[in-house]
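Here are my notes on the structure, as numbered points. Please read them alongside the coordinates.

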Amino acid sequence: AEVCEEKAIITMKDGTPFLIPTLCSGCRACEIICPITEAILESQKLMGHTYLTETPYGFPLVTGKLLEGEERAMPIVTAAKKRAKSINRELLLVDTAAGTSNTVSKALEDSKLLIAVTEPTPLGLHDLALILELGRLMGMEAWVVINRSDLGKKERIEKMVQNYNAEIVAEIPYSEAIIRSYVKGEPIVLTNNKEAEIFKDLAEKIANYLG
Ligand code: SF4
């Protein structure tokens, strides 16, 4: 129970370990540490699925979905990333969950560049500090995109970005055109709205950075 970071093993009063399967991430730390051979045996459990979809935009999309009731996303994140890597494309863009949980660091593993999307709000600033710190610990270069950039004060974001030696690469103002295109399921970048240019510029910056 001591090595289980997911708290999936409870030790009963008489010392008997009790496993809560829905909390187990399958990391196998207990199996590795257990002194008794074959006391813990590997098994299989269906926790979710990964999907490979051909998009109409010329690139494939890999997604992962947990089964209802499952609480641990790590196996799905690992499986989805493995599947995405197996496609062997020149560029792999990973859209992580929000925050800085262990699934986020797993999703970011082996990445060259971290692009954090934030907003000029206290919560946005708080989360930005965490993700920039994670990027620093993982040795990744960090860029920042400010969403709804005209709805708050940006000074504290700019200061934080400077402290982490990061760079603000795009600012997206509050835009009804973006909301309308989102509701229609039409990527803003494929429209004639002026906001499309922000995303095209960002794509160009990424392409230049990666060479
Ligand atoms: S495999 Fe990992 S998460 Fe599952 S019970 Fe063992 S230590 Fe805990």
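1. Two strands are taken as paired if DSSP finds at least two bridges between them. By that criterion β5 and strand β6 (residues 141-147) are a pair, parallel in sense and joined by six bridges. One of the contacts between these strands links Ala116 to its bridge partner in β6, Val144. The model is a predicted one.

2. The pair belongs to an open sheet of three strands, ordered β5-β6-β7 and paired in parallel. Because β5 (113-118) and β7 (167-172) stand at the edges and each has a single partner strand, one side of each is left without a neighbour in the sheet. On average, neighbouring strands of this sheet are turned by 20° against each other, with direction ignored.

3. What lies across β5 and β6? Helix α4, made up of residues 122-137, takes that position, and its direction is at about 175° to β5.

4. Strand β3 (residues 48-54) and strand β4 (residues 60-66) are antiparallel, with seven bridges between them. Leu52 has Val62 of β4 as its bridge partner.

5. On the ligand: which pocket does the ligand take up? Its space is the second largest pocket. The surrounding residues include four cysteines by name, Cys4, Cys24, Cys27 and Cys30. Also around the ligand are Glu6, Ala8, Ile9, Leu19, Ser25, Gly26, Arg28 and Ala29. By class, the shell around the ligand holds eight nonpolar, two polar and two charged residues.

6. For the overall layout, the protein has seven helices and seven strands. Read from the N terminus on, the order of elements is β-β-α-β-β-α-α-β-α-β-α-β-α-α. Taken along the principal axes, the C-alpha atoms of the protein fill a box of roughly 65 × 40 × 35 Å.

Notes: Residues are numbered from 1 along each chain as its sequence is written. This is a predicted model: local features need pLDDT of at least 70, side-chain atom pairs count only at pLDDT 80 or more; totals for chains, interfaces and linings use all residues. Side-chain values use heavy atoms; hydrogens and water are left out. Helices (H or I, at least four residues) and strands (E, at least two) are DSSP runs, numbered from the N terminus. Axes are lines fitted to C-alpha atoms, for helices over the stretch in contact, and angles run from 0 to 180 degrees between N-to-C directions. Contact means heavy atoms within 4.5 Å. A residue is near a molecule or strand if one of its heavy atoms lies within 4 Å of it. On a 1 Å grid over the protein atoms alone, a cavity is a set of points where a 1.4 Å probe fits but cannot get out, and a pocket is an open set with protein on both sides within 12 Å along at least five of seven lines; lining residues have an atom within 4 Å of a point. A molecule sits in a cavity or pocket if more than half of its atoms lie within 2 Å of its grid points. Ala, Val, Leu, Ile, Met, Phe, Trp, Tyr, Cys and Pro count as nonpolar, Asp, Glu, Lys and Arg as charged, and the others, Gly among them, as polar.
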